[in-house]
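Please open the structure in your viewer and keep the selection panel at hand. The stops below proceed from whole chains to a single residue.

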Amino acid sequence: MEDQYKIYVVVAVLSVILIGLAIYMFSLDRKISKIEKRIKDN
Amino acid sequence: MKNYWYKILSIVLLLYAILAGFTIQIPDTNIGDTLRNVFFHVGMWFAMLAVMTASFTSSIKFLSSGKMEHDLKANEAVNVGVYFGILGIITGMLWATFTWGEPWANDPHLNGAAVSLLVYFAYLVLRSAVPDDEKRARISAVYNIFAFVILLVFVGVLPRLSVDTLHPGSGDGNPAFGDMDATMRYVFYPALIGWIMLSLWVLNLKVRYKRIENFIEEKELD
Amino acid sequence: MWNEIKALLYKDIQMELRQKYAINSIVLYVFSTVFITYLSFQGDIDSHSWNVMFWIILLFASVNAASKSFVQERPARHFYYYSLSAPQSVILSKIIYNSIMMFLVVLITFVVFQLFLGNMIEGSLLFFASLVLGSLGFASTLTMVAAIASRSDNNFALMAILSFPLMLPFLLALMKLSGIALETSDFTMEAYKLLGMVFGLNLIVIMLSYILFPYLWKE
């Protein structure tokens, strides 16, 4: 791999991290919404 | 999931910041590629400012209405803000070690940021010192307002008054980044907005979680 | 409202003159700390250290003084006095009382300092201005913090934790101001900027205290 393209490895790593975190936060958000709905309906 | 537009937007903007931040052409300075840190380190501080502003408004709302939900939001907001502030300081120290040779320079901007964080730590200590809910809410709301004013003084006013600082933006110019190259601005501003929205999302989650926790505690006490 | 302020102020001053509790303990505190400083430096002190030590000792002495201001009376009598007057009068009278007290503390510290560590001041007027503004600034911030701390389990540690960060802008500006005063007797541009800033901060703190104290007061 040419030296100049190595930066894209960093970009890829960080994107994976960000998307992983995003998925995590979205799932947390959905879990909380579910509980809130249960509380409201009870 | 409520209000999902800003949550999705935050992720999109941050993804853009990562993709563009590393690939755009940046001006040739003596710190080289580490300049790209500015898209991420400064974001931490702006996130903290945004969340502390939310805390400030919640405290004011509490004092005028007396509703405990505002106190809950003010408290959680300080927690989130302190977290981002600590990240800001750590990333700053990391960057400083490679740029100035030492993790902490005796610089008014840095010291001001550290003191502002101390003020909010004192807020958390104050809250732990008062057992009664209602009293605690009122006292911490009053202190929070002072804390916010001090925060503004330290990050906005004092750095502009000093002329010999290592940190960019001394004298004239914004204390965060001085004057910025035009290409970088196209990544910088969206990145900031992305970080601010992310922090508000974290705050939103924490507040909702705490509310549920309180609700369950009350149910168990019955 | 001015009558209420005068009455409350008069009461506080009378109580102090009767017992002299706060004044005595502060004088003792200042004396001991300055003496320790003198012994540590062994008479060989430069103007920069003089400046720094002066303001640090003053910082601790004033936190000490202010923490006593809200614990003078028993809570029952507290209630009685303050149910008669508006909370704004209470806070303003406390601020004025603390300012007078603070100015006395500042003067005492200054005199004791000169006794032990000598006089190094070139610009007396500028220094005096910094002392006056400093005592007002310390007093207004500390009165508010003391009011907040008195509502919890009022110990000195809490008072210190709460007040140090809030006092830092004042402290830094005043140290710089008196640093200038130690060198020269001209009012430089920077001196004016600093003076303006301390004055502005004072105003902000007093205004905030005036607005926020009634919320603290509701019991």
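The tour that follows names a selection at each stop and states what is found there.

**Conventions**

This is a predicted model, in which local features need pLDDT of at least 70, side-chain atom pairs count only at pLDDT 80 or more, and totals for chains, interfaces and linings use all residues. Residues are numbered from 1 along each chain as its sequence is written, while chains are lettered from A and ligands numbered from 1 in the order in which they are written.

**Stop 1: chain B**

Select chain B and colour it by secondary structure. Six helices and zero strands are present, and the pattern along the sequence is α-α-α-α-α-α. Helices (H or I, at least four residues) and strands (E, at least two) are DSSP runs, numbered from the N terminus.

Along the principal axes, the C-alpha atoms of chain B fill a box of roughly 65 × 40 × 25 Å.

Of the 222 residues in chain B, 44% count as buried. A residue is buried if 20 or more other C-beta atoms lie within 10 Å of its own, exposed if 12 or fewer, and partly exposed in between, with C-beta atoms placed from the backbone. Among contacts in chain B between residues at least 6 apart in sequence, 73% join residues at least 24 apart; two residues are in contact if their C-beta atoms, placed from the backbone, lie within 7 Å.

**Stop 2: helices α3 and α4 of chain B**

Next, select residues 68-99 (α3) and 108-129 (α4) of chain B. At what angle do these helices pack? The angle is about 145 degrees, and the axes are 10 Å apart. Axes are lines fitted to C-alpha atoms, for helices over the stretch in contact, and angles run from 0 to 180 degrees between N-to-C directions.

Show side chains for the contact: α3(B) contributes residues including V78(B), V82(B) and I89(B), and α4(B) residues including L117(B), F121(B) and R127(B). By class, this contact has 10 nonpolar, three polar and one charged residues. Ala, Val, Leu, Ile, Met, Phe, Trp, Tyr, Cys and Pro count as nonpolar, Asp, Glu, Lys and Arg as charged, and the others, Gly among them, as polar.

**Stop 3: where chain B touches chain A**

Display chains A and B together. Here 14 residues of chain B are in contact with 16 residues of chain A. On the chain B side, α1 (4-23) and α6 (182-221) each supply at least two residues, and α1(B) gives the most, with seven. That side has 12 nonpolar, one polar and one charged residues.

**Stop 4: T23(B)**

Centre the view on T23(B), in helix α1 of chain B. Is T23(B) buried or exposed? T23(B) is exposed, because 12 other C-beta atoms lie within 10 Å. Leaving aside its neighbours within four places in sequence, T23(B) is in contact with I7(A) and V11(A).

**Stop 5: chain C**

Finally, select chain C, which has eight helices and zero strands. Its radius of gyration is 18 Å, close to the 17 Å that the globule rule gives for 219 residues, so chain C is as compact as a globular protein of that length. Buried residues make up 42% of chain C.

Key: Rg over C-alpha atoms; globule rule 2.2 N^0.38 Å.
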